[in-house]
Amino acid sequence: MELRRIHRLKRRCVEARRDIVEMVHRAKGGHPGGALSSVEIITVLFFDVMRLRPEKPDWPERDRFILSKGHVSPALYSAMARRGFFPVEELSTFGAPGARLQKHVDKHFLPCVEVSSGSLGQGLSIGVGMALADRIDRRARNVFVLISDGENQEGQTWEAAMAAAHFRLGRIIAFLDNNGLQTDGSVARIMGIEPLEDKWRSFGWDVQRVDGHDVEQIVSAVDLAKSTQDKPHMVIADTVKGKGVSFIEGRFEWHSHSLSDEEYRTALVELEAAEQELERQERAA
C-alpha cells in the first residue's frame, strides 16, 4: 500500500476514536471497549474497501455491512457520518431519547443501516441469507459481517458457518473482533473458543489471522479473500479491547461504561498525542 493511503486510514482511526469517546461521554453510557477495538476494521471497510453511495444508501449494487455486535454502534455511526451518510453534527445526539443514533443500531431509524442488531449471534445468519439472495438475483456484491469473539460461544453462529460453506458463499467476508473480553470477563474463562483458526477451517471456511489494528494487514486480507470465490472467508482480527485509550485498554469493565469528565479529558489528551505522532511520522516518511 502507498504511504499516503496508509496515513489517511490511520488518521481516520484516531478521528473515529475521538468520536466514540465524545459520544459515550455525552450520552453518559455506551459500549466503548468493543467500539474502540473494532475501529480499524470498520474504517478500512468504509473508507477503502466497500462499494457505497452515501447519497443513495439503498443503491442496489452496494456492498452490504452487517454489524452483528450491534452494541458497538458508535464505531459504525462515526464511519457513516464521516463517510457522508448523515451530518457529522448528528453524532452529538447519540443515545438521546427519540434520536436516530441509539446505543444499538436500528435500520428503521437510519436507512444506511442494513440490519438492526444487538441480540448477539444473529449477524452471520443474516449475512448468509443476503448472500444467497444475491446469488439468486445474480448480484455480484460482497457481504461483510463483523462479529464478536463472544458470538463464537453461540450455536447459531456455527449453524450459519455450516450453511455458508455448504452453499459455497464466496462473497461473504466475515471479520471476528478477537479482543478476548466480554461483559463478565475474559472469553477464555467464560467459555473458551480457541483454536479459532482450526474450528473455522473445519467448517469449510477460508481463514486468515491478522493484527486487527494494522490497516495494511486488513486491506491485504480483504484483497486475498476477494481473489477466491469458492468458499466463505473468515478474518480473525486480534485486537485490544479499548484500543487507543490507556485506562480502557484490556479491561472488561469497559465493555459497557460511561466516562467521567476527568476520564474524558484524559482520553482526548491521549488521542491528541496519537494524532501528533501520526503527523510526525508523515513528515518523516
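Figure 1. Asn-142 is found in the loop between helix H5 (123–137) and strand E2 (143–148); helices (H or I, at least four residues) and strands (E, at least two) are DSSP runs, numbered from the N terminus. The structure is a predicted model, in which local features need pLDDT of at least 70 and side-chain atom pairs count only at pLDDT 80 or more, whereas totals for chains, interfaces and linings use all residues. Residues are numbered from 1 along each chain as its sequence is written, and side-chain values use heavy atoms, with hydrogens and water left out. With a relative accessible area of 8%, Asn-142 is buried (under 20% relative accessible area; exposed is over 50% and partly exposed in between, with a 1.4 Å probe and protein chains only). The side chain of Asn-142 makes a polar contact with the side chain of Arg-171 at 3.3 Å. A polar contact is a pair of N or O atoms within 3.5 Å; within protein, one must be able to donate a hydrogen and the other to accept it, and residues adjacent in sequence count only if both atoms are side-chain atoms. Leaving aside residues up to four places away in sequence, Asn-142 touches Asp-63, Arg-64, Arg-171 and Lys-226 (contact means heavy atoms within 4.5 Å).

Figure 2. Arg-12 is found in helix H1 (residues 3–27) and is buried, its relative accessible area being 6%. Its side chain makes a polar contact of 3.1 Å with the side chain of Glu-15. Residues up to four places away in sequence not counted, Arg-12 touches Asp-19, Thr-43, Phe-47, Ser-78, Ala-79 and Arg-82.

**Figure 3. The aromatic pair Trp-158 and Trp-200.** A search of the whole structure finds six aromatic pairs. Rings of Phe, Tyr and Trp (its six-membered ring) pair if their centres lie within 6.5 Å; planes under 30 degrees apart count as stacked, over 60 as edge-to-face and the rest as tilted. The ring centres of Trp-158 and Trp-200 are 4.6 Å apart and the planes stand at 35°, so this pair is tilted. The pair links distant parts of the chain, with Trp-158 in helix H6 (residues 155–166) and Trp-200 in helix H8 (residues 196–202), 42 residues apart. Both Trp-158 and Trp-200 are buried. Trp-158, Trp-200, Phe-203 and Trp-205 form one aromatic cluster.

**Figure 4. The largest cavity.** The largest cavity has a volume of about 130 Å³. On a 1 Å grid over the protein atoms alone, a cavity is a set of points where a 1.4 Å probe fits but cannot get out, and a pocket is an open set with protein on both sides within 12 Å along at least five of seven lines; lining residues have an atom within 4 Å of a point. Of the 18 lining residues, the closest to the centre are Phe-46, Phe-65, Met-80, Cys-112 and Glu-114. Strand E1 (64–67) and helix H4 (73–83) each supply at least two residues of this lining, and E1 gives the most, with three.

**Figure 5. The largest pocket.** About 320 Å³ of space lies in the largest pocket. Of its 17 lining residues, Lys-10, Val-14, Arg-17, Glu-40 and Leu-278 are the closest to the centre. H1, helix H9 (215–226) and helix H10 (261–284) each supply at least two residues of the lining.

Definitions and conventions. Points joined across faces, edges and corners; volume = space filled by probe spheres on them.
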